[in-house]
Amino acid sequence: MRTKKLPMRGVLAVAVGLIGLALAAPPAFANLYGVGWRNDGPVVNGSHANMYISGKGTADYASGGFIANVLWNGVQGSCCFQYWIEAGDTKGWQGQNIRTFYWARNVAGVANPYKEHRVTSVVPNVGTYMPVQLSYLGNSTWAAYFNYQVQSGPDGSTYLYNTTAGAKAVQVGLESTSSASYSAATTNSQLDYVNSAGSWVGHFPDWSALRADPPARSSWDVQWVTQRNSMN
Amino acid sequence: MSLQKKHIASVAAGLLVAFGLVAALTRATSAHGQGSARAAGSPSLPPFVPAVAQRMAAIAGNARPDSAEYVYTTRQAAVGLDGEVVDSNQPVYLVVLHGHFVYRYARGIGPPPTGTVLTLTIDAATGDSLDLGLGNGPSGAARLGPVRPLALGR
């Protein structure tokens, strides 16, 4: 009997290990990234980055491409960024060669899971900084802030039942749909996050990964307070 | 005779006045009707609406959607159908496209979103595309006013 139980324990251990691996699996990166990210740290119920607006060029804007500096926050308790809300500045918007701020989300439990919205009340100016913040407000509601003004409010609170709070996932940096696009050096500083108790924490959780898909570059500044990216 | 001529002339003048009044009333009624229709519906459709819709359909992986329709509304009313709030509320055309879409140029991490209902808002004054949604609907556009078919280039 005992010898039979040991393999069972082994099987269970392997199963638990596999589940653990699955939960900590890397996100399915679809585009090119120069980012810092983590999806196995503490639950993140909000995040903030002071974004430097760098010069950018988008090679594939006419076909819908873009290059953007973005702050992502996992939502709905998902691992691996299946569900998220994001905000940032982009060059290239829905086939137009323009620069704009925007926010977007991909969530579960609604008829139209994917949405992207242009922000028009504030305008990105190259060479300046813009504080960008994502916050969980409670009652299944997230908000995106640009320069500390609410640009988006209740995000499907009527429909997003169980769209509670955040996830163990946060990321910041460049995203591009073409290796021929470019971005001058940009930084994301004052990387703060909101923990599960609803308190702001002084800097992002210790990072487990940097990602840089050539020609993008990504690095950390001193003590992980600032994250630097470029692509050219 | 002169009295008869005067009488005929008076009757003719009366008839002319009567015809004139009827014609004027007819014009006024017609103009009022057009004005009411214009106030309740959309202005004539700018050519940029089908152009932007066609562009976004192609970007979302289906240049020949099964059908297309639009509603003239405001931006907040359009995005409010999904319970969202945005930072401006100008007049827009809410365009709803039906077909099978794979949005390869979507934002964010993960596989491209897919769906059968692609919604767009287009600024009614500038023609800028502002908002995009993708899923399996329904869009709820009919709650905002008369939904009209949109002809796209083939």
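This is a predicted model: local features need pLDDT of at least 70, side-chain atom pairs count only at pLDDT 80 or more; totals for chains, interfaces and linings use all residues.
1. Contact here means that heavy atoms lie within 4.5 Å.

2. The secondary structure of chain A consists of one helix and 16 strands. The chain has 232 residues, of which 57% count as buried, while its accessible surface comes to about 9,500 Å², with 57% of that surface belonging to carbon and sulfur atoms.

3. Strand 11 of chain A, which spans residues 166–176, deserves a point to itself. Ten of its eleven residues are buried, a state that requires under 20% relative accessible area, and strand 11 is therefore largely enclosed by the rest of the structure.

4. The pairing of strand 11 can be followed to two neighbours in chain A. Strand 1, made of residues 32–38, pairs with strand 11 in the antiparallel sense over seven bridges, and strand 4, made of residues 67–75, likewise runs antiparallel to strand 11, to which eight bridges join it.

5. Turning to the interface, 49 residues of chain A and 34 residues of chain B take part in the contact. The area buried between chain A and chain B is about 3,300 Å², and carbon and sulfur atoms give 44% of it. Of the area that chain A buries against chain B, 21% is supplied by A:Q94, A:N112 and A:Y114, which is more than any other three residues supply.

6. The polar side of the interface is described by two counts. There are 27 residue pairs in polar contact between chain A and chain B, with both residues at pLDDT 80 or more, and four salt bridges are found across the interface. One of the salt bridges links B:D82 with A:K115, whose closest N and O atoms are 2.8 Å apart.

7. Which strands of chain A each supply at least two residues of the side that touches chain B? They are strand 4, strand 5 (84–93), strand 6 (96–106), strand 7 (114–119), strand 10 (149–152) and strand 11. Strand 7 gives the most to that side of chain A, with six residues.

Notes
Residues are numbered from 1 along each chain as its sequence is written. Chains are lettered from A and ligands numbered from 1 in the order in which they are written. Side-chain values use heavy atoms; hydrogens and water are left out. Helices (H or I, at least four residues) and strands (E, at least two) are DSSP runs, numbered from the N terminus. Buried means under 20% relative accessible area, exposed over 50%, partly exposed in between (1.4 Å probe, protein chains only). Accessible areas come from the Shrake-Rupley method with a 1.4 Å probe; for residues, only the protein chains shown count as cover. Two strands pair if DSSP finds at least two bridges between them. Buried area is the accessible area (1.4 Å probe) that two parts lose on being put together, summed over both. A salt bridge is a side-chain nitrogen of Lys or Arg within 4 Å of a carboxyl oxygen of Asp or Glu. A polar contact is a pair of N or O atoms within 3.5 Å; within protein, one must be able to donate a hydrogen and the other to accept it, and residues adjacent in sequence count only if both atoms are side-chain atoms.
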